[in-house]
Amino acid sequence: MDKEDKIRIIREQKWINYSDAVDIIKELNDLKSYPKSSRMPNILLVGDSNNGKTALIEKFISLNPATFSEENSEMECSVVAVQAPPEPDERRFYNSILEKLLAPYKISEKLDARQMRVKNLLKKLDVKILIIDEIHHVLAGAPTKQRKFLNVLKFLSNELKISLICAGTKDAFNAIQTDPQLSNRFSPRVLKRWGFNNEYKRLLLSFESKLPLKEPSHFIEDGFAQKILALSEGLIGEISKVIELSAIYAIENNFEKVTPDMLDKIRYVPPSDRKKVIYKL
Ligand SMILES: Nc1ncnc2c1ncn2[C@@H]1O[C@H](COP(=O)(O)OP(=O)(O)OP(=O)(O)O)[C@@H](O)[C@H]1O
Ligand SMILES: [Mg+2]
């Protein structure tokens with residue numbers, strides 16, 4: 001394997017089964033067989049940006065792909081996932097569901113008709129779980145707009161009797177809290193920032209095991225692990241980035257392992273220092 005191959009492998013997205021993710025994925029899986037009722041359980045996945053919400057959702061989707069039934073030539077999908085539009089716009093929100101279900105829509109279609117069509121399609125496909133990522137986008141803005149979207153969530157949950165899994169930042173959690181009916185239907189699941197503990201060390205071991213380097217780097221040694229945690233500020237996306245950059249540094253400089261001094265050579269700027277760098281310009 002040449003250097004380029006190794007670098008490509010290092011950059012590839014990988015999934016690490018850390019224990020909170022395993023627990024949450026199991027919980028999401030259980031929702032698929034939850035009996036239909038007027039109070040379907042919903043989950044709100046809350047976490048800081050770059051801390052694994054979308055990765056977890058993508059993993060769950062990959063375990064539940066849509067299938068095509070040869071028998072009746074219909075699509076079957078128990079799990080549908082969409083990304084909320086960047087602003088609270090109901091029409092665009094319904095469009096993103098229709099697009100996901102490969103259902104064409106006309107620009108001129110009225111909002112009510114569009115809503116009905118989404119409802120009927122989700123019913124027809126026997127969708128059990130609707131995932132909405134980046135939910136904080138549509139729960140942002142003026143309270144009237146916020147309420148509109150809270151009502152959309154209620155409509156989907158009540159009318160379809162499906163479980164909603166929403167992922168977003170703390171702002172989404174706060175918005176849902178303003179509606180008592182929704183707040184007691186959504187259980188929050190928090191992806192906390194990583195701290196210096198055994199779970200974090202297990203994560204480092206997993207990252208290390210996926211590196212195409214011949215010698216062990218021993219990320220879990222206290223000083224090394226602390227340094228990676230401080231740089232990454234406890235965000236899994238940053239931990240992964242720091243490891244990626246330092247492993248690439250090692251390869252480019254003909255080393256077969258990463259050493260702590262390399263962390264100073266990769267010119268990595270921790271997330272909270274990034275703004276400062278720009279302001280200095
Ligand atoms: N289980 C995992 N195993 C390995 N890497 C992961 C895992 N989860 C997250 N990552 C890494 O962290 C990065 C950021 O994760 P992700 O995109 O899921 O964050 P997010 O919480 O959705 O952030 P945002 O709120 O900004 O959308 C991923 O691109 C990936 O590199
Ligand atoms: Mg995301």
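1. Helices (H or I, at least four residues) and strands (E, at least two) are DSSP runs, numbered from the N terminus. Since the model is a predicted one, local features need pLDDT of at least 70 and side-chain atom pairs count only at pLDDT 80 or more, while totals for chains, interfaces and linings use all residues. Residues are numbered from 1 along each chain as its sequence is written, chains are lettered from A and ligands numbered from 1 in the order in which they are written, and side-chain values use heavy atoms, with hydrogens and water left out.

2. The protein chain is divided into domain 1 (3–11 + 194–274) and domain 2 (32–191), with bounds that come from an automatic or database domain assignment. The centres of the two domains, taken over C-alpha atoms, are separated by 35 Å. Six residues of domain 1 are in contact with five residues of domain 2, where contact means heavy atoms within 4.5 Å.

3. Five strands form an open sheet in the order 4-5-6-1-7, with parallel pairing; two strands pair if DSSP finds at least two bridges between them. The edge strands, each pairing on one side only, are strand 4 and strand 7 (186–191). Strand 1 (residues 42–47) and strand 6 (residues 163–168) pair in the parallel sense over four bridges, and V46 has G168 as its bridge partner in strand 6.

4. Helix 4 (residues 90–100) lies across strand 4 and strand 5, running at about 135 degrees to strand 4. Helix 7 (residues 170–177) touches strand 1, strand 6 and strand 7, and its direction makes about 140 degrees with that of strand 1.

5. Helix 4 also packs with helix 6 (residues 143–160), at an angle of about 35 degrees and with the axes 11 Å apart. The contact is made by E90, F93 and Y94 of helix 4 together with K148, F149, V152, F155 and L156 of helix 6. By class, this contact has six nonpolar, no polar and two charged residues, where Ala, Val, Leu, Ile, Met, Phe, Trp, Tyr, Cys and Pro count as nonpolar, Asp, Glu, Lys and Arg as charged, and the others, Gly among them, as polar.

6. A pocket is found on a 1 Å grid over the protein atoms alone, as an open set of points with protein on both sides within 12 Å along at least five of seven lines, whereas a cavity is a set where a 1.4 Å probe fits but cannot get out; lining residues have an atom within 4 Å of a point. The largest pocket has a volume of about 810 Å³, and is lined by 30 residues, of which Q13, K14, A55, G237 and S240 lie nearest its centre. Its lining draws at least three residues from each of domain 1 and domain 2, and divides into nine nonpolar, eleven polar and ten charged residues.

7. The second largest pocket has a volume of about 320 Å³ and is lined by 19 residues, with I61, V80, A81, V82 and K100 nearest its centre.

Conventions. Points joined across faces, edges and corners; volume = space filled by probe spheres on them. Axes fitted to C-alpha atoms, helices over the stretch in contact; angles between N-to-C directions.
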